[in-house]
Amino acid sequence: MKYYEIRDPVFGFIRINEWERDIIDHWVFQRLRRIRQLAWTDMVYPGATHTRFEHSLGVMHIATQMFDSIVAKDQDFLKSELGFTEYGLQRDRVLVRLASLLHDVGHAPFSHAGEDLMPTKPSKSATTKQETYKHEEYSEAAIRYLMKDVIEEHPINENYRITADDVANFLTGKPSARRSLLWRSLLDGQLDADRADYLLRDSLHIGVRYGKFDLERLMVTLTVAFDEHEQPVLAIEDGGWHAAEGLIIARYMMFTQVYYQHTRRAYDYHISQAMQHILSEAPRPIQSPQGKFCAPTSEENIKNYLTWNDWFVYGCIEAGQGGEHANLIKERRHYRCIYETSETPSLEELATLDEITDLLGDTIGFIDQPPSATWYKFGKEDIHILPETNRDNSRRTKLLSSMSSLVKGLNPIEQKRIYVPWERKTQAESIVAKYVKKAKGDG
Amino acid sequence: MKIDIPWHRYALIVLLTDRMHASRQKFGKTALQKLVYLLQAVFNVPAGYQYSLYLHGPFCSELANDLDYLHCLGGVQVSLDSSSSGYSITPSENAQIIKDKANDFLSEYQSEIDQLLDTFGPRRVKELELFSTIVFVDRDAVNSGRNQDRDHFIREIQNIKPHFSREEIVSTIAELESLGYIQSRT
């Protein structure tokens, strides 16, 4: 088997085999070179121009190291307690590599900023609230419909017989992934390779130190144990719990200082509005009267969706499409934040926000709040810790928040902000100032 | 322009906490996850949470976030339960204020919530784990058009839940079938 090395700014070299190289060379994966990781964050941090392409390679690299670290240490436990076999573990390692490599192939242009344009799913019943598709479902569809041959036909796969459906089922947590579901937490959990990579990579490119944490220490202390209900979970050994604290602090800092930075969020809004405009007016088959992307429900739809990337949108904007919001981006004349709550607003603050919103009326450009996607959320994290005393017997874990006063003290961030067009900033600030003065009883 | 605050979700969490507390049931983070899943999947209550399957069963990170924020709003108290090394959830001082903000939603789905708590409220967390996983696998098979016979269905659950015996799995499937909550398989 031939191996290749790709130079990476975070990890030095990332090693791939010839099968993986074919997958990386597939047009669906190459498209990630044209999706920036952090959308228009370079309007605030000029270095933020890296793409989903290098992030995906990094996630595969870290997920493999995490997997290898656990298996090297806990092989006997995995076999005796959870029913894994030697062959099953070898196959799962390959599955983890492919799934982590491909986890982001369904991203919209400008990453999460494009997610507001994903359509709603057909309602399951008359009373059920309609859910919208997520980028994970576009990744799933791209793998199932478009990457079947490149995944299934390579001679190396003779050893594993991994299908495109296996990769998609693993990524989306389908029951047919069976006990391999244990490894899903390496891609979508509190200790996952996805966030481990983006915290380090984003910090490096942006030039901040907020996202740094001790990945090496976490890696060597990663293990499999049981939670309080005797269910298998990924955990950290006693010796690594301060490194786990470091990871949580890194997430908190990156969220407050970068991902939820007020100007950056304004550009997420503007690009989403501009793309909606382009979608509504573009020629067929790109056109969507509802201003939404195609649903990921057929090969034709997913091919249509994947024609969208950052370059395509730049071209449209350069050609004068995208309406008012495209112009605001070109001129860097974004909406301004004129009022914000605390990071974790109380009931009283929410009531105040409601009143200010009513007073401002049509002056408001948009109201921002952390959307439901977990990437933008900073929740109260928790991580399972395996105490030294339980390592060789029950393998029962404790929660990090029960050990760390630092983690216990962190609150979820639910900050809300009101933005207005630049021209209305002074007027809106004056309305808010009068309200605040009156509320304080000075007016 | 209005702020989009999911009061119906917050009110639902508070109501479940109230009811579990009133009936002196043990109520923690895992029980909340599984009860809300069953409420949506079995009783079709549109709380709007999207669940994903892990080896520890269906889980929704948005629900976990909502619970933590609700603790900060004073709707519930989430405190460490030293006896189980997990967390217990109990009502807090602003519970009524939060329920009042979504009265319509709670009234509309009162009978479904009653049925949920009558059937699943008294069950141990480990049982809820198995109930919710079986319902998840059943819904996935139905939605994706997979025709599984009974034996294949049981094996799939065993593969995801190696810590439950075949007997436990078979009897839980039979119970859910008899209640009409999952498809009957032969």
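**View 1. The largest nonpolar core of the predicted model**. This core has 173 residues, a nonpolar core being a set of buried Ala, Val, Leu, Ile, Met, Phe, Trp, Tyr and Cys residues joined through C-beta atoms within 7 Å. A residue is buried if 20 or more other C-beta atoms lie within 10 Å of its own, exposed if 12 or fewer, and partly exposed in between, with C-beta atoms placed from the backbone. A:Ala63 and A:Val167 have the most contacts inside the core. Leaving out residues up to four places away in sequence, A:Val167 touches A:Leu95, A:Leu98, A:Ala99, A:Leu102, A:Ile143, A:Ile151 and A:Ile162; two residues are in contact if their C-beta atoms, placed from the backbone, lie within 7 Å.

The model is predicted: local features need pLDDT of at least 70 and side-chain atom pairs count only at pLDDT 80 or more, while totals for chains, interfaces and linings use all residues. Residues are numbered from 1 along each chain as its sequence is written, and chains are lettered from A and ligands numbered from 1 in the order in which they are written.

**View 2. Where chain A meets chain B**. Here 44 residues of chain A are in contact with 39 residues of chain B. On the chain A side, β4 (232–237), α15 (347–360) and β8 (398–399) each give two or more residues; helices (H or I, at least four residues) and strands (E, at least two) are DSSP runs, numbered from the N terminus. The largest share, 5 residues, comes from α15(A). By class, this side of chain A has 13 nonpolar, 16 polar and 15 charged residues. Ala, Val, Leu, Ile, Met, Phe, Trp, Tyr, Cys and Pro count as nonpolar, Asp, Glu, Lys and Arg as charged, and the others, Gly among them, as polar.

**View 3. The two domains of chain B**. Domain 1 covers 1–121 and domain 2 covers 123–186, with bounds from an automatic or database domain assignment. Their centres, taken over C-alpha atoms, are 24 Å apart. Contacts join 14 residues of domain 1 to 12 residues of domain 2. On the domain 1 side, α2 (29–41) and β2 (57–59) of chain B give two or more residues each, and α2(B) provides the largest share, 7 residues. This side has 10 nonpolar, 3 polar and 1 charged residues.

**View 4. B:Gly28 and its surroundings**. B:Gly28 lies in the loop between α1 (7–22) and α2 of chain B. Because 18 other C-beta atoms are within 10 Å, B:Gly28 is partly exposed. Apart from neighbours within four places in sequence, B:Gly28 is in contact with B:Asp81, B:Gly86, B:Tyr87, B:Ser88, B:Ile89 and B:Val125. The C-alpha atoms of B:Gly28 and B:Leu117 are separated by 15 Å, the two residues being 89 residues apart along the chain.
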